[in-house]
Amino acid sequence: MSTLNTVNITNGTDSITVEGAVKGSAKAWVNFNGTGVVAIRASYNVSSITDNGTGDYTVNFTTALADANYAINGSCSNLSGDNSVSARQFLCPQDPVTARTTSACRVATCYPGTSSAGSGDAANVDVAIFR
């Protein structure tokens, strides 16, 4: 095995520290169809998505994270393509209902102004994990 030791990565005009690149990069991300048969469109370090019910999903990591102290960020489309205010949804972590683990996290689609997770399936769901 080879080891490369460096402090900065530069492409000519832009530069970043190795620490910034490692700590500032997503440890996992996924774009998936959350309606019908859940299907991953594109991903990094995500092995599968579990459909736990209406608008309730578990993102399973290919390689476990160092610990469960990570940030979950994401978005989703409106319910069934409906653009009315009442159909708008956002993505929220399912904590503390289901604790985060090093191998998976649970997320849900939610309507703004409510605490009801799993409001409805979303055709486009995006989740990014940072640590």
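Student: What percentage of the 131 residues in the protein is buried?
Tutor: This is a predicted model, in which local features need pLDDT of at least 70 and side-chain atom pairs count only at pLDDT 80 or more, while totals for chains, interfaces and linings use all residues. Residues are numbered from 1 along each chain as its sequence is written, and side-chain values use heavy atoms, with hydrogens and water left out. Buried means under 20% relative accessible area, exposed over 50%, and partly exposed in between (1.4 Å probe, protein chains only). For the 131 residues in the protein, the buried share is 32%.

Student: In which element of the protein is confidence lowest?
Tutor: The pLDDT is the predictor's confidence in each residue, from 0 to 100; the protein averages 82, and 81% of the residues score at least 70. Helices (H or I, at least four residues) and strands (E, at least two) are DSSP runs, numbered from the N terminus. Where pLDDT is low, the predicted coordinates should not be read in detail. Confidence is highest in E4, at 97, whereas the lowest mean, 73, belongs to helix H1 (residues 18–23).

Student: How many strands does the protein have?
Tutor: From the N terminus on, the elements run β-β-α-β-β-β-β-β-β-β-β. The helix count is 1, and the strand count is 10.

Student: In what order do the 4 strands of the open sheet stand?
Tutor: Two strands pair if DSSP finds at least two bridges between them. The edge strands, each pairing on one side only, are E5 (46–53) and E8 (90–93). Neighbouring strands of this sheet are turned by 30° against each other on average, direction ignored, the axes being lines fitted to C-alpha atoms, for helices over the stretch in contact, with angles from 0 to 180 degrees between N-to-C directions. The pairing is antiparallel, and the order is E5-E6-E9-E8.

Student: Which residue in E9 is the bridge partner of valine 59?
Tutor: E6 is joined to E5 by 6 antiparallel bridges, with aspartate 51 standing opposite tyrosine 57 in E6. E6 also runs antiparallel to E9, through 5 bridges. In E9, the partner of valine 59 is cysteine 105.

Student: Why is E6 largely enclosed by the rest of the structure?
Tutor: In a regular strand the side chains alternate between the two faces of the sheet. Asp56, Thr58 and Asn60 point one way from E6, while Tyr57, Val59 and Phe61 point the other way, and all are buried. E6 is largely enclosed because, of its 6 residues, the number buried is 6.

Student: Which residue forms a salt bridge with arginine 106?
Tutor: A salt bridge is a side-chain nitrogen of Lys or Arg within 4 Å of a carboxyl oxygen of Asp or Glu, and a search of the whole structure finds 2. Arginine 106 in E9 and its partner in E6 (residues 56–61) are 50 residues apart. The closest N and O atoms are 2.6 Å apart, and the partner is aspartate 56.

Student: How many residues apart in sequence are the parts that arginine 131 and aspartate 67 tie together?
Tutor: The side chains of arginine 131 and aspartate 67 meet in a salt bridge, 2.7 Å from N to O. Arginine 131 lies in the segment after E10 and aspartate 67 in the loop between E6 and E7 (71–76), so the separation in residues is 64.

Student: Which residues have the most contacts inside the largest nonpolar core?
Tutor: A nonpolar core is a set of buried Ala, Val, Leu, Ile, Met, Phe, Trp, Tyr and Cys residues joined through side-chain atoms within 4.5 Å. E3, E5, E6, E7, E9 and E10 each supply at least two residues of this core. Contact means heavy atoms within 4.5 Å; leaving aside neighbours within four places in sequence, isoleucine 129 touches residues including Phe61, Leu65, Ile72 and Cys105. The largest core has 20 residues, and those with the most contacts inside it are Val59, Val127 and Ile129.

Student: Which residue stands opposite phenylalanine 32 in E4?
Tutor: E3 (residues 26–33) runs antiparallel to E10 (residues 125–130), the two being joined by 6 bridges; in E10, the bridge partner of phenylalanine 32 is valine 125. E3 is also joined by 5 antiparallel bridges to E4 (residues 39–44). Within E4, the residue opposite phenylalanine 32 is isoleucine 40.
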